[in-house]
Amino acid sequence: MGSIKNLIIELGKRAKTAAKSLRCATTSDKNSALLNIAKQIDENRVNILSANNKDLENGKNKGLESALIDRLMLDDQRLDSIIESLNQIANLPDPVGEITDLKFRPSGIQIGKMRVPLGVMGIIYESRPNVTIDAAALCLKSGNGAILRGGSEAIHSNLALYACVKDGLIDAGLSEYCVQLIDTTDREAVSELVKASAYIDAVIPRGGKGLVEAISETAKVPVIKHLHGVCHTYIDKDADTQKAISIAFNAKTRRYGVCNAMETLLVHASAAGRVLPELIAEYFAKGVELRGCPQTQQLSKQIIAATDEDWDTEYLDAILSIRIVNTMSDAIDHIEQHGSGHTESIITENYTSGRRFITEVDSSSVMINASTAFADGFEYGLGAEIGISTDKFHVRGPVGLEGLTSQKYIVLGDGHIRQ
């Protein structure tokens, strides 16, 4: 335990020093580092995929669920996506130093707000090795130091990707300690990291509900979090049939093991007959297990009876709950009772219904006629995301560059004294 604590202290000291220098780094320096990292990843594809194969083999031998294996897997297409994300972040405006709301006061001074980095971020994540790059890139561009701690199941992949980050920083003339990866899989490292208030300014856990709850309970620094993603799609009585079928199918089946996947489908009773038979057939053809309310079960003998627990479950798997409701109010009440505040979507051609839904539903992303799969920092134009926050402070929804900054007041005077 002592050696782990000392390790975190040493990483923290380095990160704090590096973050101080990063606050003064130019946008050009930070962008150079991002482009260098992208180049390193492209040139080291063989090493990265070889390391990922080790993790995949270990995961399969340990009996990891298929959804977790999918999260863990890297291939050339996913590496292309990582590289594109780095390029996007490099092209985004730098939020650091932006001054807004500058105005004169009666005294003659000017008051404004300047956007500044949070400091040093502790990022704790499971399964997805791409988070190593997302977190490094977003923290770097927003001027924050970062200490990364990935899951043990992705240790080889994370180390291979981190080597690219380190080389990219050095080639850009920035401190290699701007981003650091904890290379031990000892769980004590997480416990010590979230208590290191002398060095860490905020922690972002990205993983299962158990991980996030455990960190939230033990952390001595602010936590930016989402517990889980029980996402809903509601097909309204005025929904276009083909739009409803296409969107609801995509929201569930695009990828199962992601937090923006739809877990419960709500359908207005008057739309059920024209939408559900075809949709149910498509789900079954795709291999999705369906669990439904009594009315839904009447549409197919293959549909399992949904339990109370199903409505609260984030499956992250090829399983979907379906409930037929009599009114939009019933749908909104269901979401309020069972949702996790992540992402909800309404399918409707009725303008008034759409406006009501986005007004009354209290989630970090609320959509009209679009798949919940769009709830993603990349799709929102943030370049990438470091997570999706279902908190209401200090940031909500996909956390990008601006979410990793704060504002400080600045006062401009010229010899002014207060009378």
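Is Ser127 buried or exposed? Ser127 is buried, at a relative accessible area of 5%. Buried here means under 20% relative accessible area, exposed means over 50%, and partly exposed lies in between (1.4 Å probe, protein chains only). The residue sits in the loop between β3 and α6. Its phi is positive, about 65°, although Ser127 is not a glycine.

The model is predicted: local features need pLDDT of at least 70, side-chain atom pairs count only at pLDDT 80 or more, and totals for chains, interfaces and linings use all residues. Residues are numbered from 1 along each chain as its sequence is written, and side-chain values use heavy atoms, with hydrogens and water left out.

The protein chain holds 14 helices and 16 strands. Both are DSSP runs, numbered from the N terminus (helices: H or I, at least four residues; strands: E, at least two). The C-alpha trace spans about 75 × 65 × 40 Å along its principal axes.

Of the 419 residues, 52% count as buried. The protein chain exposes about 18700 Å². Carbon and sulfur atoms supply 48% of that area. Accessible areas come from the Shrake-Rupley method with a 1.4 Å probe; for residues, only the protein chains shown count as cover. Contacts (heavy atoms within 4.5 Å) were also sorted by sequence separation. Among those between residues at least 6 apart in sequence, 73% join residues at least 24 apart. The protein chain carries 44 positive and 54 negative charges, and their mean positions are 5 Å apart. Lys and Arg count as positive and Asp and Glu as negative; His and the chain ends are not counted. Each charge is placed at NZ of Lys, CZ of Arg, CG of Asp or CD of Glu.

Two helices were checked for span. The expected value is 1.5 Å times one less than the number of residues. Helix α7 (residues 155–171) has 17 residues and should span 24 Å; its end C-alpha atoms are 24 Å apart, which agrees.

The buried residues of α7 include Ile155, Leu161, Tyr162, Cys164, Val165 and Leu169. Gly168 is buried in α7 as well. The cover over the buried residues of α7 includes α2 (27–43), α3 (45–61), β3 (120–125), α6 and β5 (179–181). After α7 comes Gly173, with a positive phi near 80°. In α2, the buried residues include Lys30, Asn31, Leu34, Asn36, Ile37 and Ile41.

With neighbours within four places in sequence left aside, Ala137 is in contact with Leu34, Leu86 and Ile89. Ala137 lies in helix α6 (residues 130–141). Its relative accessible area is 2%, so Ala137 counts as buried. Ala137 and Val179 are 42 residues apart in sequence; their C-alpha atoms are 9.1 Å apart in space.

Val221 occupies the loop between α9 (209–218) and β7 (231–235). Val221 is buried, at 8% relative accessibility. Beyond four places in sequence, its contacts are Val194, Ala196, Ser197, Ile200, Asp201, Ala202 and Val203. Ser406 lies 185 residues from Val221 along the chain, with 16 Å between the C-alpha atoms.

Other sites are partly exposed. Ser246, in helix α10 (residues 241–253), has a relative accessible area of 47% and is partly exposed. Ser246 and Asp308 are 62 residues apart in sequence and 27 Å apart in space, C-alpha to C-alpha. Asp101, in strand β1 (residues 99–104), is partly exposed at 49% relative accessibility. Asp101 is a residue other than glycine with a positive phi, near 60°.

One backbone feature concerns a peptide bond. The bond from Phe393 to His394 is cis, with omega near -5°. His394 is in the loop between β14 (388–389) and β15 (397–398).
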